[in-house]
Amino acid sequence: MAGVTHALNSVADGLRMAPEFVPAAARPPLVPLPDAFEPEVKTVLDEIAAFYAMERPPAVFRWMSRDRIFLAGYWGATRAAFSDGALDRPLKEILALAASMTGKSDYGVDLHLREARRLGLTEQGLTEVVEVVQLFNTVTKIADTLRLEPDFNPRANGDGAERAPQA
Amino acid sequence: MEIVRLTETQELTSEDQKFCEATKAWFKIDFVPKMSRVLLTVPEFGRSYGRASRRAMSDGALSRGQKELIAATVSAINVCEY
């Protein structure tokens with residue numbers, strides 16, 4: 001019960017489904033976001049907006065512009081994390097969507113669902129992502145509740161299923 | 001340490017033991033994962049859940065490998081060692 005309930009809540013809240021019995025509340029920001037920027041900051045923000053194909057950068061980066069040095073560093077890390085590498089950017093956005101749903105972040109789901117779709121995620125693909133998120137929110141909750149010890153040795157190198165030592 | 005006694009595979013019905021064999025083949029392993037044994041403790045739940053899992057984790061618009069990465073991400077966010 002706990003596992004299934006946890007997973008169903010992750011999907012419902014993650015996808016921001018309206019509550020069944022009470023009206024959904026609006027969510028005004030708790031803090032004002034900057035809307036005027038020094039040229040050096042604006043250059044970074046313009047790059048961010050271009051990365052996300054948005055007219056303005058996401059609010060979370062506008063917030064960070066209060067500290068230009070932090071913004072530049074954190075944006076550089078974000079760009080590196082989400083750029084094509086061993087995994088391509090569309091897949092990374094899908095993983096970020098799964099992380100946001102699991103972490104129940106309305107903001108993250110909104111941003112990464114939009115990005116994943118923009119970068120090619122189809123409706124069938126979205127169905128599959130949500131199914132996997134739901135399944136693994138179920139079994140992780142069950143595993144933690146029962147304190148299951150791992151089946152596999154996490155240091156196995158992937159060339160065969162190496163079983164973890166059993167108690 | 002588990003807080004419940006895990007059902008041994010030989011305690012399962014023959015139908016569920018076949019289910020476990022399919023699970024071993026799916027993961028290419030020579031043992032039955034603990035989670036499979038837990039889920040089959042309530043056979044109607046475990047069989048249905050297994051069918052849903054097989055359906056969801058098969059290649060589709062996303063590959064099985066991509067889906068395993070999603071599963072790993074969910075496990076990481078939930079800090080689930082298992």
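1. Buried residues, meaning those with 20 or more other C-beta atoms within 10 Å of their own C-beta atom, placed from the backbone, make up 32% of the 82 residues in chain B. This is a predicted model, in which local features need pLDDT of at least 70 and side-chain atom pairs count only at pLDDT 80 or more, while totals for chains, interfaces and linings use all residues. Residues are numbered from 1 along each chain as its sequence is written, and chains are lettered from A in the order in which they are written.

2. The secondary structure of chain B comes to four helices and zero strands, where helices (H or I, at least four residues) and strands (E, at least two) are DSSP runs numbered from the N terminus. Read from that end, the elements of chain B follow the order α-α-α-α, and the C-alpha atoms of the chain fill a box of roughly 35 × 30 × 25 Å along the principal axes.

3. Two residues are in contact if their C-beta atoms, placed from the backbone, lie within 7 Å. Among contacts in chain B between residues at least 6 apart in sequence, 38% join residues at least 24 apart.

4. Between the two chains, the contact takes 32 residues from chain A and 32 residues from chain B. On the side of chain A that touches chain B, helix 5 (89-102) and helix 7 (123-146) are the elements that give two or more residues, and the largest share, 16 residues, comes from helix 7.

5. A nonpolar core is a set of buried Ala, Val, Leu, Ile, Met, Phe, Trp, Tyr and Cys residues joined through C-beta atoms within 7 Å. The largest such core has 34 residues, and those touching the most other members include I94(A), V129(A) and I70(B). Helix 7 of chain A supplies the largest share of this core, eight residues. Leaving aside neighbours within four places in sequence, I70(B) is in contact with I94(A), L95(A), A98(A), V129(A), V132(A) and V133(A). A second, separate core of five residues includes I48(A), F61(A), M64(A) and L71(A).

6. Helix 4 (residues 68-82) of chain A has 15 residues and reaches 21 Å from its first C-alpha to its last, close to the 21 Å expected at 1.5 Å a residue, the expected span being 1.5 Å times one less than the number of residues. Of the 15 residues of this helix of chain A, the number buried is one, so helix 4 lies largely in the open.

How values were computed. Buried ≥ 20, exposed ≤ 12 C-beta atoms within 10 Å, placed from the backbone.
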